[in-house]
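Here is a short tour of one protein model. Keep the sequence and the 3D view side by side as you read.

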Amino acid sequence: MTQVFISYSRKDLAFVETLVKDLEAFGLEVWQDLTDMGGGSRWGTEIQNGIQNSQYFITVLSPNSVASQWVEREFLYAEGLGKQIVPILYKPCGLPLWIMNINYIDMQGENYQRRLPELLRALGVQPGGAARREGPADAQVGRVRGAPPGKKKGVPSTPKKRAWL
């Protein structure tokens, strides 16, 4: 089963609980710190294991989360592991440097239901279908913010031939 790790600020828990229910309804296994750690757990180690065992990493963007050192640490760890990162915008906020090169999905307010299918596709789920785990050859590569549609993150651009006059 496809596992998704959600990185967020606890101050945004109500939104995250709704998101978890929706993702689970489409067959995704969701790792979140409140449900996947028992009493006496070493939470730093458990979070690290949760990220390692997930195929996807969602960062919930809000003023609370971008101010959180733990959200930043989780993001950097997931990025270092080469996880497929899917940022979602929950509330307007200034984007920190560590996430500026990845397009986010705007799920603010009434955008939530309209953009949920886009999030599901980014997580390898066709809305109306079951979750499928993508292999390395199928992995989607996010477009770099501000780059032309053909420019993909981590893919070097090929120089265009110039016609010399």
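How many aromatic pairs does the structure hold? The structure holds six of them. Rings of Phe, Tyr and Trp (its six-membered ring) pair if their centres lie within 6.5 Å; planes under 30 degrees apart count as stacked, over 60 as edge-to-face and the rest as tilted.

This is a predicted model: local features need pLDDT of at least 70, side-chain atom pairs count only at pLDDT 80 or more, and totals for chains, interfaces and linings use all residues. Residues are numbered from 1 along each chain as its sequence is written, and side-chain values use heavy atoms, with hydrogens and water left out.

**Aromatic rings**

| Pair | Type | Centre to centre | Between the planes |
|---|---|---|---|
| Phe 15 and Tyr 90 | stacked | 4.1 Å | 25° |
| Phe 15 and Tyr 112 | edge-to-face | 5.7 Å | 90° |

Phe 15 lies in helix H1 (residues 13–25), while Tyr 90 lies in the loop between strand S4 (84–89) and strand S5 (105–106), so their pair ties together parts that are 75 residues apart in sequence. Tyr 112 belongs to helix H5 (residues 111–122), so its pair with Phe 15 in H1 ties together parts that are 97 residues apart in sequence. Helices (H or I, at least four residues) and strands (E, at least two) are DSSP runs, numbered from the N terminus.

Buried means under 20% relative accessible area, exposed over 50%, and partly exposed in between (1.4 Å probe, protein chains only).

Other rings gather elsewhere. Phe 5, Trp 31, Phe 57, Phe 75 and Trp 98 form one aromatic cluster. A charge also sits over a ring: Arg 73 lies over the face of Trp 70, at 4.9 Å from the ring centre. That label applies if NZ of Lys or CZ of Arg is within 6 Å of the ring centre and within 35 degrees of the ring normal.

**The sheet**

The protein chain has five helices and five strands. From the N terminus on, its elements run β-α-β-α-β-α-α-β-β-α. The five strands of an open sheet take the order S2-S1-S3-S4-S5, with parallel pairing. Two strands pair if DSSP finds at least two bridges between them. S2 and S5 stand at the edges with a single partner strand each, so one side of each is left without a neighbour in the sheet.

Now look at S3. Four bridges join S1 to S3, and Ile 6 stands opposite Ile 58 in S3. S3 also pairs with S4 in the parallel sense, over six bridges. Phe 57 has Ile 85 in S4 as its bridge partner, and Tyr 56 has Gln 84 in S4.

**The cores**

In soluble globular proteins, nonpolar side chains tend to be buried together. A nonpolar core is a set of buried Ala, Val, Leu, Ile, Met, Phe, Trp, Tyr and Cys residues joined through side-chain atoms within 4.5 Å. The largest such core here has 26 residues; Ile 6, Leu 23, Ile 58, Val 60 and Leu 119 have the most contacts inside it. S1 (3–7), H1, S3 (56–61), S4 and H5 each supply at least two residues. H1 gives the most, with six residues.

Which residues touch Leu 23, leaving aside its neighbours within four places in sequence? Among them are Ile 6, Leu 28, Val 30 and Ile 58. Contact means heavy atoms within 4.5 Å.

A second, separate core of 14 residues includes Ile 51, Phe 57, Ala 78 and Trp 98.

**Helix H2**

Helix H2 (residues 43–52) has Ile 47, Gly 50 and Ile 51 as its buried residues. Seen down the axis of H2, they fall within an arc of 95°, so they line one face of the helix. The arc is that of the directions from the helix axis to the C-beta atoms. Their cover includes S1, S2 (29–31), S3 and helix H4 (69–80).
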